[in-house]
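These are my notebook entries on a structure that I looked up. I set down the terms as I needed them.

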Amino acid sequence: MMATTQITAEPRLPFVDIKREFDAPRDLVFRAHTEPKLLVQWLGPDKYEMVVERYDVRDGGAWRYVHRGPDGSEWGFHGVFHGVPSPDRMVQTFEFEGAPGHVSLDALTLEEHDGRTVVHIHSVFQSVEARDAMIQGGMADGMNQGYERLDALLARLVPVA
Amino acid sequence: MADQLSAVFGALADPTRRAILARLTNGDLTVAELAAPFAVSQPAISRHLKVLEGAGLISRTRRATARLSHLQAAPLKDATEWLARYQDFWDARHRRLDALLAALQAEQKERNP
């Protein structure tokens, strides 16, 4: 069905929707999203070491991880799980520590059909501007380019507050 | 930048405007020429052209009494590049997850053949 990740970011709506199908049953995909020893094998960018400091998968449980670059640069992220995380629904806040206070709310659902699982992430941002700043420069770019890019990102994010 | 992208995506959200852009890839056209294949009036086409012009997707010049519309491709390129990096980021992440899930399933099969 879906060969690549389907990303939808509508103008004027502070959402991002991400959909992708995986050739694995739902329980396994859920484990890959909740067990730190599995998470570190896929979530961080290539050539980055991912260190999970905390991953308390329960209602009110906190999480924090760091992506460490080959040059020693560190990119921290943290948040809290809301509601009992299950394969039906995992809700959590998400905050990049380079832009404190710019928090998104992510809801992840897993749907299984014939042994294959569709992952759907619905992210809600505080504003369209914050959403756009994240897509333009946040994770994808900032983490790969080092601190110069982070400075530029922060400069863009400041007026949003 | 974000404002222009919103304008571009807003302009592209309408099928008539996308059809107008597609026709302009073959060369400049007047409002009358643009309106011909559509079941809408020239004033309606003019409103669409105003939106496209506001998003920087077309520019308009005068030829005698007619106004010509001209396609401006740069904002379209920006619009596709905008999401492309983010898309690459997620594609790479999800390919790693594909590999992990395949390895986990192979492991399970080995344990319970």
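**Entry 1: the sheet of chain B**

I began with T30(B), which stands opposite L68(B) in strand 3 of chain B. I took helices (H or I, at least four residues) and strands (E, at least two) as DSSP runs, numbered from the N terminus. I noted that this is a predicted model, in which local features need pLDDT of at least 70 and side-chain atom pairs count only at pLDDT 80 or more, while totals for chains, interfaces and linings use all residues. Residues are numbered from 1 along each chain as its sequence is written, and chains are lettered from A and ligands numbered from 1 in the order in which they are written.

I then looked up how strand 1 of chain B pairs with strand 3 (residues 66-71) of chain B: the sense is antiparallel, over 2 bridges. Two strands pair if DSSP finds at least two bridges between them. The open sheet has 3 strands in the order 1-3-2 (chain B), with antiparallel pairing. Strand 1 (29-30) and strand 2 (58-63) of chain B are the edge strands, as each pairs on one side only.

**Entry 2: helices on the sheet**

Which strands does helix 2 (residues 15-24) of chain B touch? I found that helix 2 of chain B packs on the sheet and touches strand 1, strand 2 and strand 3 of chain B. Residues are in contact if their C-beta atoms, placed from the backbone, lie within 7 Å. The direction of helix 2 makes about 90 degrees with that of strand 3 of chain B. For such angles, axes are lines fitted to C-alpha atoms, for helices over the stretch in contact, and the values run from 0 to 180 degrees between N-to-C directions.

Helix 4 (residues 42-54) of chain B also packs on the sheet, touching strand 2 and strand 3 of chain B. I recorded about 120 degrees between the direction of helix 4 and that of strand 2 of chain B.

**Entry 3: each chain as a whole**

I listed 5 helices and 3 strands for chain B, in the pattern α-α-β-α-α-β-β-α along the sequence. Chain A has 4 helices and 8 strands.

**Entry 4: where the chains meet**

I found 25 residues of chain B in contact with 26 residues of chain A. Helix 1 (2-12) and helix 5 (74-111) of chain B each supply at least two residues of the side that touches chain A. Helix 5 of chain B gives the most to that side, with 19 residues.

How values were computed
Two residues are in contact if their C-beta atoms, placed from the backbone, lie within 7 Å.
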